[in-house]
Structures are given as C-alpha cells and as structure tokens.
Amino acid sequence: MNKPVILVVEDDNSVKNLITTTLKAHDYRYLTAQNGDCAIMEASSHSPDIVLLDLGLPDMDGIEVIKRIRTWSNMPIIVISARSEDTDKIDALDAGADDYLTKPFSVEELLARLRVTQRRLSMMQNESSVESSVFTNGKLRIDYAAGCAYLGEEELHLTPIEYKLLCLLSKNVGKVLTHTFITQSIWGSSWDNDIASLRVFMATLRKKLEKDPDSPQYIQTHIGVGYRMMKI
Ligand code: CA
C-alpha cells in the first residue's frame with residue numbers, strides 16, 4: 001500500500017507546521033499550499049488522497065476552493081475552520097466537504113479524522129460499494145434491490161422514511177451529512193419543521209438499529225450540523 005498523500009492548505013505557519021509534523025511522524029506524505037489558487041493547482045496536478053483545507057485563506061474563501069475542486073474530483077476534503085460558527089462548516093459540507101475540524105484541534109483529533117476518511121476511501125476504491133446492491137457495515141446489511149435491512153440475522157422493521165434515511169446515510173458512509181442535505185434528499189425541502197421531523201425519525205431509527213441508542217455505534221450526531229454513519 002502506498003502512503004497516502006495529504007494536501008495541506010493553510011496560510012497560518014504555526015498550524016501548518018503542527019499538521020505537517022504530525023503527518024510526517026505518522027507516515028503520511030504531504031504537499032502544502034498557502035492560498036486557494038495554489039491549492040487548486042496542487043489538487044489538480046498531484047491528485048492527493050485527502051485535502052486538509054483551511055476555510056480562511058488570503059486570496060479566496062475555502063468554500064470556493066471546495067466548489068472548484070468538486071467540478072472535477074471527489075477527493076475527500078476535510079475542512080479546518082477557526083470560525084466557531086456552525087454556518088461555515090455547514091456551508092462547507094453542503095459545498096461538498098466530507099468532514100471538518102475546528103481550531104484549535106488536537107493531534108489525536110486530526111489523526112482520527114484522517115483514519116475515518118481513509119476507511120471511506122478504501123471502501124470506495126475496493127468495492128465501489130456505492131454501485132453494489134448490498135451494503136454491509138458491521139452487523140448491518142442493506143439489500144438495496146430488495147429494499148430490506150438486517151442487523152445480524154434479524155430483519156429491521158423500518159418505516160419508509162426510516163429506510164430512506166438509513167440508505168442515504170449508508171450511501172455516504174464516513175461523510176458528515178448536514179440537516180439541510182438530509183431533509184432535501186428525503187422530503188425535497190428543508191424547513192425548520194422538516195429538521196424537527198428528522199430528529200424524530202432519527203430517534204426511532206436508532207432505537208431499531210443501535211444496541212444502546214444513548215451511545216450510538218452506527219450513526220453519529222454532529223450537534224447543530226447533521227449526522228454521519230461511521231464505518232465499523
Ligand atoms: Ca487561515
């Protein structure tokens with residue numbers, strides 16, 4: 001297996017050094033870019049495995065960088081945001097980012113996010129699971145063609161909305177999906193009451209799916225942002 005190549009887009013030298021030192025110590029290869037233009041150039045000429053992208057860049061908004069990269073590539077993008085407002089993260093995720101880190105972050109957090117993204121990458125490369133008709137993750141198995149979901153040997157008795165929700169999360173396993181993205185995909189709208197309904201459906205889905213709904217194994221909550229199915 002080749003060492004993964006990470007493109008680090010960060011104009012703040014101290015943060016950049018923290019990231020590159022961590023990457024070096026953990027056997028990653030990396031490229032760096034100081035601004036949005038360089039980031040787009042490096043991304044297109046070197047096709048890195050993962051992009052770590054600061055949102056506040058000197059020449060353009062990081063969200064613009066995501067939009068440009070998404071016109072030609074699905075390479076995983078983890079956003080790094082100094083801004084504590086959830087709206088920036090949410091805009092970045094809706095523009096096509098996979099995950100986010102909020103500054104200040106620990107080295108452990110950074111490494112954990114990279115591992116989650118790498119699992120998603122290897123899943124995409126190995127089985128092209130998005131195309132396949134049966135999805136498996138831990139004990140969970142979804143037969144998309146038959147429209148059935150199982151936990152171990154047991155069939156899950158899901159309502160149509162719960163099943164749609166489960167399929168949406170599984171087809172984007174490893175990726176944080178925003179409330180807006182989920183409600184748009186399921187109901188075609190994203191009013192406040194859709195988001196309230198989403199919480200209710202998520203709670204009933206978890207009761208059926210999770211052994212302990214209070215410490216869920218499959219579906220992570222990102223407070224104020226959305227949900228993610230973890231690759232187990
Ligand atoms: Ca910055």
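## A salt bridge between Asp99 and Arg228

Asp99 pairs with Arg228 in a salt bridge, their closest N and O atoms lying 2.9 Å apart. The term stands for a side-chain nitrogen of Lys or Arg within 4 Å of a carboxyl oxygen of Asp or Glu.

A word on the model before going further. It is predicted, with local features needing pLDDT of at least 70 and side-chain atom pairs counting only at pLDDT 80 or more, while totals for chains, interfaces and linings use all residues. Residues are numbered from 1 along each chain as its sequence is written, and side-chain values use heavy atoms, leaving out hydrogens and water.

The protein splits into domain 1 (5-121) and domain 2 (131-229), with bounds that come from an automatic or database domain assignment. Taken over C-alpha atoms, the two centres are 27 Å apart.

Eleven residues of domain 1 are in contact with 13 residues of domain 2, where contact means heavy atoms within 4.5 Å. Together the domains bury about 980 Å², 51% of it on carbon and sulfur atoms; this is the accessible area (1.4 Å probe) that two parts lose on being put together, summed over both. The rule finds one salt bridge across this interface.

## The calcium site

Which residues coordinate the calcium ion? They are Asp11 (OD), Asp54 (OD) and Gly56 (O), at 2.2 to 2.4 Å. Donors are N, O and S atoms within 2.8 Å of the metal (3.2 Å for Na, K and Ca), and since water is not among the atoms, sites may look incomplete. Along the chain the donors follow the spacing D-x42-D-x1-G. Helices (H or I, at least four residues) and strands (E, at least two) are DSSP runs, numbered from the N terminus.

Asp11 counts as partly exposed because its relative accessibility is 32%, and Gly56 does so at 38%. Buried means under 20% relative accessible area, exposed over 50%, and partly exposed in between (1.4 Å probe, protein chains only).

## Nonpolar cores

The largest nonpolar core holds 28 residues, and Val9, Leu53, Val65, Ile66 and Val79 have the most contacts inside it. Such a core is a set of buried Ala, Val, Leu, Ile, Met, Phe, Trp, Tyr and Cys residues joined through side-chain atoms within 4.5 Å. H3 gives the largest share of this core, four residues.

Apart from this core lies another, of 26 residues, including Phe135 and Leu158.
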